[in-house]
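Student: Hey, I've just been handed a protein model and I'm new to it. Could you walk me through it?

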Amino acid sequence: MVTRDPAARLALARTVGRADVHGAWWPRGRVLEREVVGLFLAWPPEEGLICRVDYWPPDWTDAPVAVAVPGRRGPLRLGHLSARHPHRVVLRLLDGQRRLLSLVPSTAPLAVGVRRLDAIRRPPPDPHAPRRMDR
């Protein structure tokens, strides 16, 4: 049985904005082979099944092409993103959809990491909402 990792530092956006960032991930280290297993286990199944993860190689100390994930039949395939997508991770889902995650550096101070994850969880302001005028 596969269980979700409650300690994983993953935040999903409530709504997707212009940048089409679906969430943020703050790994604990720079060894992708270890960290991607935690991401896979933390991913909510109702969001779709991950079949591939693409990453920007300079963010990591290793460059695996596949990793074994507990509870998954067969290895999880990994691929590289171009320099146009630095500090991003793209999750390819079984149904063909993609989810773009902003990568918070593992070395980020606690306050910065928490702020970045919280910012993703917060819905963007409604441009049509009435503005409050303070006197």
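Student: What should I know before we start?

Tutor: This is a predicted model, so local features need pLDDT of at least 70 and side-chain atom pairs count only at pLDDT 80 or more, while totals for chains, interfaces and linings use all residues. Residues are numbered from 1 along each chain as its sequence is written, and side-chain values use heavy atoms, with hydrogens and water left out.

Student: Which way do strand 3 and strand 6 pair, parallel or antiparallel?

Tutor: Strand 3 and strand 6 are antiparallel, over five bridges. Within that pairing, Tyr55 stands opposite Val89 in strand 6.

Student: And strand 3 with strand 5?

Tutor: Strand 3 and strand 5 (residues 76-80) are parallel, with four bridges. There, Val53 is opposite Leu78 in strand 5.

Student: What about strand 2 and strand 7?

Tutor: Strand 2 (residues 23-25) and strand 7 run parallel and are joined by three bridges. Gly23 faces Leu101 in strand 7. Contact means heavy atoms within 4.5 Å, and the angle is taken between N-to-C directions on a scale from 0 to 180 degrees, using lines fitted to C-alpha atoms (for helices, over the stretch in contact).

Student: Switching topics: which residues touch the most others in the largest nonpolar core?

Tutor: Trp25, Ile50, Val53, Leu76, Val89, Leu91 and Leu101 do, out of 23 residues in that core. Helix 1 (32-42), strand 3, strand 5, strand 6 and strand 7 each give two or more residues. The largest share, seven residues, comes from helix 1. A nonpolar core is a set of buried Ala, Val, Leu, Ile, Met, Phe, Trp, Tyr and Cys residues joined through side-chain atoms within 4.5 Å. Buried means under 20% relative accessible area, exposed means over 50%, and partly exposed is in between (1.4 Å probe, protein chains only).

Student: What does Leu91 touch?

Tutor: Not counting residues up to four places away in sequence, Leu91 touches a list that includes Leu39, Trp43, Ile50, Val53 and Leu101. There's also a second, separate core of 11 residues, with Leu100, Val104, Leu117 and Ile120 among them.

Student: How many salt bridges are there?

Tutor: Three. A salt bridge is a side-chain nitrogen of Lys or Arg within 4 Å of a carboxyl oxygen of Asp or Glu. Arg52, Asp54 and Arg92 are linked in a network of them. Arg52 meets Asp54 at 2.8 Å, N to O, and Arg92 meets Asp54 with the closest N and O atoms 2.7 Å apart. Arg92 lies in strand 6 (residues 88-93) and Asp54 in strand 3 (residues 50-55), so this pair ties together parts that are 38 residues apart in sequence.

Student: Is Asp54 buried or exposed?

Tutor: Asp54 is buried, at 2% relative accessibility. Arg52 is partly exposed at 26%, and Arg92 is partly exposed at 27%.

Student: Which residue forms a salt bridge with Asp118?

Tutor: Arg121, with the closest N and O atoms 3.0 Å apart. Asp118 and Arg121 are three residues apart in helix 2, so about one helical turn separates them. Asp118 is partly exposed at 34% relative accessibility.

Student: What else does Arg121 contact?

Tutor: Leaving aside neighbours within four places in sequence, Arg121 is in contact with Leu10, Ala11, Leu12 and Arg14.

Student: Last one: where is Ser102 found?

Tutor: Ser102 is in strand 7 (residues 98-103) and is buried, with a relative accessible area of 10%. The side chain of Ser102 makes a polar contact with the side chain of Arg116 at 3.0 Å. A polar contact is a pair of N or O atoms within 3.5 Å; within protein, one must be able to donate a hydrogen and the other to accept it, and residues adjacent in sequence count only if both atoms are side-chain atoms.

Methods: Two strands pair if DSSP finds at least two bridges between them.
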